[in-house]
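Please look over the model below before reading on. My comments are set out as numbered points.

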Amino acid sequence: MNQATSHIPWTSEEIARFMTKVSQPAHGHACWFWTASKNKKGYGRLFLRGKCVQAHRVSWEFHNGSQFPAGLFALHSCDNPSCVNPEHIRPGTNTENIREAAAKGRLTRITQRPWFKRFENTVNAKTHCMRGHPLSGDNLYYFTKLGVPSRSCRECSRIRDRVAWKRRTVVEGEE
Ligand SMILES: [Zn+2]
Ligand SMILES: [Zn+2]
């Protein structure tokens, strides 16, 4: 990951071009939203000097006038990946990143949450759903409702969706 950092300092033209892609609130302490291209995780990105770079890292470099520390991650205090407000970005380790994410409940994969193992140990005795579909592999999915973890059968949820859809078309047909 040697991302264009050897070319610091950035020119004022480059910074100006960058800022045209930012929807910046009039008063500086709120998030600055990146309006151009984003990656799958929602981080802004752009081409600078022939390289694809992460917008929030570059923003940190513009405003601190120095190269982003090698080997560190750019952490968002606002937990908003598309934010490029340099006040909300600081260098940190991957461990800090994960700890912060867990603390904020940002990890979307339920299986990575701290309570998951405990939860699974208490429910894995049930191997099949009420219709006899296996509660394993691709057919098993996890969800939380009001913060309470639960497991469910994909096949059954497909059946429920079909029934709901049929009911809806019948009602529409009657009108
Ligand atoms: Zn922010
Ligand atoms: Zn089922």
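The points below go from the overall layout to single residues.

1. Basis. This is a predicted model; local features need pLDDT of at least 70, side-chain atom pairs count only at pLDDT 80 or more, and totals for chains, interfaces and linings use all residues. Residues are numbered from 1 along each chain as its sequence is written, while chains are lettered from A and ligands numbered from 1 in the order in which they are written.

2. Layout. The protein has five helices and eight strands. Helices (H or I, at least four residues) and strands (E, at least two) are DSSP runs, numbered from the N terminus. Read from the N terminus, the order is α-β-β-β-β-α-β-β-α-α-β-β-α.

3. Of the 175 residues, 13% are buried. Buried here means 20 or more other C-beta atoms within 10 Å of the residue's own; exposed means 12 or fewer, partly exposed is in between, and C-beta atoms are placed from the backbone. Take the contacts with a separation of 6 or more: 41% of them join residues 24 or more positions apart. A contact needs C-beta atoms, placed from the backbone, within 7 Å.

4. Core. The largest nonpolar core has seven residues: F18, W32, W34, A55, V58, C83 and V84. Such a core is a set of buried Ala, Val, Leu, Ile, Met, Phe, Trp, Tyr and Cys residues joined through C-beta atoms within 7 Å. Its member W34 touches K21, V22, G44, A55, S82 and V84, leaving aside residues up to four places away in sequence.

5. Helix 2. This helix spans residues 55-64 and is mostly covered, with seven of its ten residues buried. Which residues of helix 2 are buried? They are A55, H56, R57, V58, S59, W60 and E61. These buried residues pack against helix 1 (12-19), strand 2 (33-34), strand 3, strand 4, strand 5 (73-76) and strand 6 (89-92). After helix 2 comes G65, with a positive phi near 65 degrees.

6. Strand 3 (residues 45-48) and strand 4 (residues 51-54) run antiparallel and are joined by four bridges. Two strands pair if DSSP finds at least two bridges between them. L46 stands opposite V53 in strand 4. Two residues separate the strands of this hairpin, and R49 sits in the turn.

7. Positive phi outside glycine. R49 is not a glycine, yet its phi is positive, about 50 degrees. Is R49 buried or exposed? R49 is exposed, because 11 other C-beta atoms lie within 10 Å. D79 is another residue other than glycine with a positive phi, near 65 degrees. D79 is found in the loop between strand 5 and strand 6. D79 counts as partly exposed because it has 15 other C-beta atoms within 10 Å.

8. M19. This residue lies in helix 1. M19 is partly exposed, because 13 other C-beta atoms lie within 10 Å. M19 and T35 are 16 residues apart in sequence, and their C-alpha atoms are 10.0 Å apart in space.

Methods: Contact = placed C-beta atoms within 7 Å.
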